[in-house]
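Biologist: I have the file open. Can you walk me through it?

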Amino acid sequence: VFKASRSEMLAELKQSSAASLPASQSTTLLNATQPDLTAPGTKTAEQRAKEVAKAKEKKKGEDGDVTEAEEQTLHVMISRMRSASGIVALLAVSSIVFGLIWVLLLANFTQPLVYLTLASLPVAFLSGGLLLILQGAPAGWVILGALLLCSLSALVFLWVKPSLPLTISLLHCASQALLHNSSAFFITVFLSVVQVLWLGCCVFFVVLEFISGEAVRVYPPPLPSGLPAPPRCEWQTDGWAYVGMGFIVVITLWTNNIMAEIKRFAIAGGISLWFSSDPKGSFRVVAPDYPTLQALQWAVSSSFGSLCFSALVSNLCEAIKWCVRVVEADGSGG
C-alpha cells in the first residue's frame, strides 16, 4: 500500500511539475524524488534477501533444527576420524613390530638389559642436572641434587640386588616362552580387534535404541526479566527403549569379559603346554606344534561354557565391588 501510494504521489508530482515548470527543472525535481540506491543507509534487494535468509536460519536454530554450522562441524569430525584411522593402524602395527623386537632382545640379552635398565636411572638424573645447568640454574645446587639422587639410586640397587637373579630368570623364561609361541602375539591382537568391533556394534545398537523416539517442542519457563523464553526442540526416547539399552549394556559387559577370558586361557594354556613339553620342566608331555592355537581351540570348544560362567561370575563380583565403592564414597562424603 505504501509503495502504491508513493508511486501515485510521484506520478502526480511529475505531471504537475511538467505542467508548471520548464523541462530542465522538471527533470531535476523528478530525479530528486527518486531514492538514491548509492546512499550509505540504503539497502539493496540482495542485502535484504541475505538478511531474510539469515533470520530464517537463526529461527531454525532456535527451533532445534540442524543449522549449516552444525552440519559443517559434523563433517569436520567425520573427516578427522577418517584421517586418524590410518594413524591408529600404523600405531597398532608398529607396536607389534617393536614388541617382537623387544622380546627377541630380552630373550637373548636378559641380564645385560636388566642391569642397563637399573643403570639408566642415575644417568637420567645426571642428564637432567646437566640440562638445568645449561638453562642457567645454579650449578652448585644442581650438582648436589644430582649426587643425592644418584646415591639414592645406588641404595635402591643394593636393596634389589638379592632378587635380581630371580628377576632375570623369570624374564628370561617369559621371553623364551613368547619367542617360541609368537602366535600368542597375533592371537592377542586378533581377539582384541574382534573385541573392539563387537563393542562398536553394541554401541551402535544402543544408539539405535536411543533414537527410537520423536522430537518434541519444549517450552521452558520464562526468563528472569519476565519475557517468555524461546521454545526449543528436545528428543524424547520411547520408554521401552531404556529396557533394551540396559539389556545391551549387560550383554556387552558379559561378552567383553568372555573375550578377555578367552585371551587369558589361550595364552596361559599355550605357554603351559610349551613349558611342560620342555625337558627342563617339572613333567614331560607331548605338546602340539602350535600350542597357543590348540589352547585357543579348547577355549572356543570344550572349555567355552566354563569361560562363559567364569565371565558371568566375575561380572557379578565387579558389580558388587562397584556398589560397595559407591556406598563407601557416599559414607565418607557425609
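Modeller: Along the sequence the protein chain runs α-α-α-α-α-α-α-α-β-β-α-α-α. Helices (H or I, at least four residues) and strands (E, at least two) are DSSP runs, numbered from the N terminus. This is a predicted model, where local features need pLDDT of at least 70, side-chain atom pairs count only at pLDDT 80 or more, and totals for chains, interfaces and linings use all residues. Residues are numbered from 1 along each chain as its sequence is written, and side-chain values use heavy atoms, with hydrogens and water left out.

Biologist: How many helices and strands does the protein chain have?

Modeller: The protein chain has 11 helices and 2 strands.

Biologist: And what percentage of the residues is buried?

Modeller: Of the 334 residues in the protein chain, 19% are buried. Buried means under 20% relative accessible area, exposed over 50%, and partly exposed in between (1.4 Å probe, protein chains only).

Biologist: Which residues make up the largest nonpolar core?

Modeller: That core has 10 residues: Ile187, Leu191, Ile258, Ile262, Ala266, Leu296, Ala299, Leu307, Cys308 and Ala311. Two or more residues each come from helix H8 (183-210), H9, helix H10 (291-299) and H11. A nonpolar core is a set of buried Ala, Val, Leu, Ile, Met, Phe, Trp, Tyr and Cys residues joined through side-chain atoms within 4.5 Å.

Biologist: What is isoleucine 258 in contact with?

Modeller: Apart from neighbours within four places in sequence, isoleucine 258 is in contact with Phe304, Cys308 and Ala311. Contact means heavy atoms within 4.5 Å.

Biologist: Is threonine 292 buried or exposed?

Modeller: Threonine 292 sits in helix H10 and counts as buried because its relative accessible area is 0%. With neighbours within four places set aside, threonine 292 is in contact with Asn181, Ser183, Ala184, Ile187, Ala266 and Gly270.

Biologist: Change of topic. Which residues line the largest pocket?

Modeller: The lining consists of Val250, Leu253, Trp254, Leu312, Asn315, Glu318, Ala319 and Trp322. Helix H9 (239-276) and helix H11 (304-332) are the elements giving two or more residues to it, and H11 has the largest share, 5 residues. A pocket is an open set of points on a 1 Å grid over the protein atoms alone, where a 1.4 Å probe fits, with protein on both sides within 12 Å along at least five of seven lines; lining residues have an atom within 4 Å of a point.

Biologist: What classes are in that lining?

Modeller: The lining has 6 nonpolar, 1 polar and 1 charged residues. Ala, Val, Leu, Ile, Met, Phe, Trp, Tyr, Cys and Pro count as nonpolar, Asp, Glu, Lys and Arg as charged, and the others, Gly among them, as polar.

Biologist: Last one. Where is glutamine 176?

Modeller: Glutamine 176 is in helix H7, and counts as buried at 17% relative accessibility. Leaving out neighbours within four places in sequence, glutamine 176 is in contact with Ala107 and Trp274.
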